[in-house]
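Biologist: Can you take me through the charged side chains in this one? Keep it short.

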Amino acid sequence: MKTQDHVHVVMLLQSITQIQNLNDQAMVLLLRERRRRIRRTLRRRRSFWIRPWLATDRRLEFGHYDQLINELRIEDEPFFFNFLRMPPVMFDELLNRVGPRIKKTDTLFRRALSPGLKLAITLRHLATGDKYLTLQYDFRVARNSISKFYPRFAEQ
């Protein structure tokens, strides 16, 4: 009887150890899942889809293309030439030639950048060597947008 009791005790201890191992594994999995959920919630959430100062209405009101370039075109052609390194007539001719190739369509979510704006940004970059970040502030177009259209525009 004692041997049989001893065997039962050993088997019981082995079962308890196996259950503890399974519980430990389950606990580890639960902790990993909890940590993953916490990390996901702690990730930085976007506060803006587009920054308010880069919005289309402010670009039209304060941006270089819609304000300064139009003023220079009307009032001071030599400074227009100085700004884009070409006269307004040549700018318009170039825009007529490349505009249809670089024009995008508007979507329900946003208005596409005009071909004239893209051309002005490209010419300003070529004329001055300004970085995309500087052009972002001048023309009120996000630098990642500039970095997407500029290489394609420069190819053509």
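**Charged side chains**

Modeller: Arg36 pairs with Glu33 in a salt bridge, with 2.5 Å between the closest N and O atoms. A salt bridge here is a side-chain nitrogen of Lys or Arg within 4 Å of a carboxyl oxygen of Asp or Glu. This is a predicted model: local features need pLDDT of at least 70, side-chain atom pairs count only at pLDDT 80 or more, and totals for chains, interfaces and linings use all residues. Residues are numbered from 1 along each chain as its sequence is written, and side-chain values use heavy atoms, leaving out hydrogens and water.

Biologist: Where do Arg36 and Glu33 lie?

Modeller: Both are in helix α1 (residues 2-42), three residues apart, about one turn of the helix. Helices are DSSP runs (H or I, at least four residues), numbered from the N terminus.

Biologist: And what does Arg37 pair with?

Modeller: Arg37 meets Glu33 in a salt bridge too, at 3.2 Å from N to O.

Biologist: Is Arg37 buried or exposed?

Modeller: Exposed, at 53% relative accessibility. The cut-offs are under 20% relative accessible area for buried and over 50% for exposed, with partly exposed in between (1.4 Å probe, protein chains only).

Biologist: Switching topic, which salt bridge does Arg59 have, or why none?

Modeller: Arg59 is buried yet has no salt bridge; the nearest side chain of opposite charge, Asp66, is 6.0 Å away. Lys and Arg count as positive, Asp and Glu as negative, while His and the chain ends are not counted.

Biologist: What lies 2.9 Å from a polar atom of the Arg59 side chain?

Modeller: The backbone oxygen of Arg140.

Note on methods:
Polar contact = N/O pair within 3.5 Å; in protein donor to acceptor, adjacent residues only side chain to side chain. Helix = DSSP H or I, 4+ residues; strand = E, 2+ residues; numbered from the N terminus.
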